[in-house]
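Dear colleague,

Please find below the structure that I am handing over to you. I would be grateful if you could read the notes under it alongside the coordinates.

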Amino acid sequence: MIEYLILAAAAFFAGMLNTVAGGGTFLTFPALVFTGVPPVAANATSAVAVFPGYLGGALGFRKEIAAYDRKRLMKIVAFTAIGGLAGSLLLLVSSNEAFSVVVPFLLAAATLAFAFGPRIQAWASRRSVGKPEGALGTLLVSVYGGYFNGGLGIVLLALFSLWGMRDLNAMNGLKNALSFVLSGISVATFAAAGIVAWPQAVLMMVAATVGGYAGAPIARALPAPVVRTIVIVVGASMSALFFWRAFA
């Protein structure tokens with residue numbers, strides 16, 4: 001019962017974080033590992049737990065998504081699905097031991113991406129290179145997202161800036177749409193492979209949805225720098241903890 005309370009609390013606050021600023025994976029994944037779920041299964045279960053939030057985000061930006069050029073959107077979605085499937089399959093062939101070694105670096109990279117996200121995006125926006133339908137960048141980001149979801153939104157926004165996109169609402173709409181597609185592929189792959197801890201996943205999906213709803217007024221009340229600091233501290237702490245677990 002205590003373990004389920006820990007998971008519910010982690011998912012609730014993860015839903016709040018994702019609504020306010022992002023970074024919910026910094027809570028859901030460590031909580032699952034802490035309660036005894038093997039690292040690979042914990043990563044898969046965490047992906048299932050946060051999946052409903054992407055659908056809500058995509059629906060919230062449906063006008064911006066509908067306004068995007070349909071042919072380009074279909075190309076990007078196709079590359080996203082291919083990359084997401086490749087990343088998900090890569091996770092399936094990773095042993096728990098190997099993934100445990102990689103996870104601290106992934107968490108640290110996601111934390112740095114979040115911490116320096118605005119600077120990365122500003123730098124990228126000054127260098128409009130590539131095309132919206134370019135395959136390489138989309139595939140690489142999608143493989144990362146299929147393998148480990150943390151910090152995906154920040155990386156996608158930076159990629160869109162490199163494409164030359166400037167409208168933040170359009171970028172957020174595309175980000176949520178691609179995140180939903182990628183996560184859908186991942187969830188289907190993990191479910192078919194039987195590595196999802198479903199009791200924990202269902203509990204966390206409900207708690208994350210409630211937390212996401214509760215996070216809306218907090219997002220309006222808290223100053224953005226405070227929220228970002230909280231997420232960065234949580235991410236850095238979880239990175240340090242997993243480095244200690246892997247190499248101590």
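The notes below cover confidence, helices, aromatic contacts and the database annotation.

This is a predicted model, in which local features need pLDDT of at least 70 and side-chain atom pairs count only at pLDDT 80 or more, while totals for chains, interfaces and linings use all residues. Residues are numbered from 1 along each chain as its sequence is written, and side-chain values use heavy atoms, with hydrogens and water left out.

Confidence. The mean pLDDT (the predictor's confidence in each residue, from 0 to 100) is 84 for the protein, and 92% of the residues score at least 70. Where pLDDT is low, the predicted coordinates should not be read in detail.

Helices. Helices are DSSP runs of H or I with at least four residues, and strands are runs of E with at least two, numbered from the N terminus. Helix H3 (residues 39-60) has 22 residues and should span 32 Å at 1.5 Å a residue; its end C-alpha atoms are 32 Å apart, which agrees. The expected span is 1.5 Å times one less than the number of residues. H3 bends by about 35 degrees at Val50, and Pro52 follows within four residues; the bend is the angle between axes fitted to the seven residues ending at a residue and the seven starting there. Another proline, Pro30, is found in helix H2 (residues 25-34). Pro30 counts as buried because its relative accessibility is 8% (buried is under 20%, exposed over 50%, partly exposed in between, with a 1.4 Å probe and protein chains only).

Aromatic contacts. The structure holds 10 aromatic pairs (ring centres of Phe, Tyr or Trp, the last by its six-membered ring, within 6.5 Å; planes under 30 degrees apart are stacked, over 60 edge-to-face, the rest tilted). The rings of Phe12 and Phe13 lie at 85 degrees with centres 5.4 Å apart, so this pair is edge-to-face. Phe12, at 26% relative accessibility, counts as partly exposed, and so does Phe13, at 46%. One aromatic cluster is formed by Phe29, Phe99, Tyr147, Phe148 and Phe242.

Annotation. An unreviewed UniProt entry lists transmembrane regions including residues 41-61 and 138-165; positions follow the numbering used here, feature names are shortened, and annotations may be inferred rather than shown by experiment. Residues 41-61 are 95% helix and 0% strand, with end C-alpha atoms 31 Å apart. For residues 138-165, the figures are 79% helix, 0% strand and 14 Å.

Yours sincerely
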